[in-house]
Amino acid sequence: MKFRYLILALFLGLCIHARAQQPTLLPQFTFFKLDGKPFSNKDLTQSKPNLFILFDCTCEHCQREAKLLNENYTQFKNVNIYMITLDDAYIIPQFFNSYAKGLNTKPNVTVLQDKKQMFIPAFLPKMYPAMYLYSPAAKLLAYNAGDGGIKKMIKTINKK
């Protein structure tokens, strides 16, 4: 009888672990631009890869990665960058002014708020910052949680 419970527990553990995998296809979403306008999958530019970055303005890891992204911006000129946060709108400009001055005004960078708290259940990030690089066909090319994400994304972009 104990063996059956052990097998059942292992099976349930595998099922839960399988659910926690990062989505291999871009999930459906609706976030909001800082002017309050909705932004969803249908608003994506399909001709370039899409980099989604979940960040928190007070997260030191996010601050370092944003600075590194800004310093290496030329590597990302052919990538759409979507920076998504759960933070209130008033703190977001302070984040960019302090850690990545001007990044939020680049033509391929869009800053979005997750007002409906959709990102975490849809993308399943493990920690901040979470980065997802999707192909123009919406297939996951690379995922990173925590430090080192920008370097990993640069390597993936350069392989193409």
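Modeller: Happy to; we will begin with the sheet, move to the helices on it, and end with the aromatic rings and a lysine.

Please keep in mind that this is a predicted model. The sheet is open and has seven strands, in the order β2-β1-β5-β4-β3-β6-β7, with mixed pairing. Its edge strands are β2 (38-40) and β7 (140-145), each of which pairs on one side only. From one strand to the next, the twist averages 30°.

Now look inside the sheet. Strand β3, residues 50-55, and strand β4, residues 80-85, run parallel and are joined by six bridges.

Next come the helices. Helix α3 (residues 92-99) packs on the sheet and touches β3, β4 and β5 (109-113). The direction of α3 makes about 140° with that of β5. Helix α5 (residues 149-159) also packs on the sheet, but its contacts are with β3, β6 (130-134) and β7. Here the angle, taken between the directions of α5 and β7, is about 165°.

Let us stay with α5 for a moment. Which of its residues are buried? They are G149, I150, M153, I154, T156 and I157. Because these residues cover an arc of only 165° around the axis, they are on the same side of α5.

The structure holds 18 aromatic pairs. In one of them, the ring centres of F29 and F39 are 6.5 Å apart and the planes are at 20°, so this pair is stacked. F29 is in the loop between α1 (2-19) and β1 (30-33), whereas F39 is in strand β2, ten residues apart from it. With 3% relative accessibility, F29 counts as buried; F39, at 6%, counts as buried too.

Compare that with F52 and F123. Their ring centres are 5.7 Å apart and their planes are at 40°, so this pair is tilted. Because F52 lies in strand β3 and F123 in helix α4 (residues 119-123), the pair ties together parts that are 71 residues apart in sequence. F52 and F123 are buried as well. Ring pairs go on to link F29, F31, F39, F52, Y82, F119, F123, Y132, Y134 and Y143 into a cluster.

K115 lies over the face of F32, at 5.4 Å from the ring centre. The charged end of K106 sits over the ring of Y73, 5.0 Å from its centre. You will find K106 in the loop between α3 and β5, and at 29% relative accessibility it counts as partly exposed. Leaving aside neighbours within four places in sequence, K106 is in contact with N70 and Y73. K106 and N70 are 36 residues apart in sequence, and their C-alpha atoms are 9.8 Å apart in space.

Definitions and conventions:
Residues are numbered from 1 along each chain as its sequence is written. This is a predicted model: local features need pLDDT of at least 70, side-chain atom pairs count only at pLDDT 80 or more; totals for chains, interfaces and linings use all residues. Side-chain values use heavy atoms; hydrogens and water are left out. Two strands pair if DSSP finds at least two bridges between them. Helices (H or I, at least four residues) and strands (E, at least two) are DSSP runs, numbered from the N terminus. Axes are lines fitted to C-alpha atoms, for helices over the stretch in contact, and angles run from 0 to 180 degrees between N-to-C directions. Contact means heavy atoms within 4.5 Å. Rings of Phe, Tyr and Trp (its six-membered ring) pair if their centres lie within 6.5 Å; planes under 30 degrees apart count as stacked, over 60 as edge-to-face and the rest as tilted. Buried means under 20% relative accessible area, exposed over 50%, partly exposed in between (1.4 Å probe, protein chains only). A charge sits over a ring if NZ of Lys or CZ of Arg is within 6 Å of the ring centre and within 35 degrees of the ring normal. The arc is that of the directions from the helix axis to the C-beta atoms.
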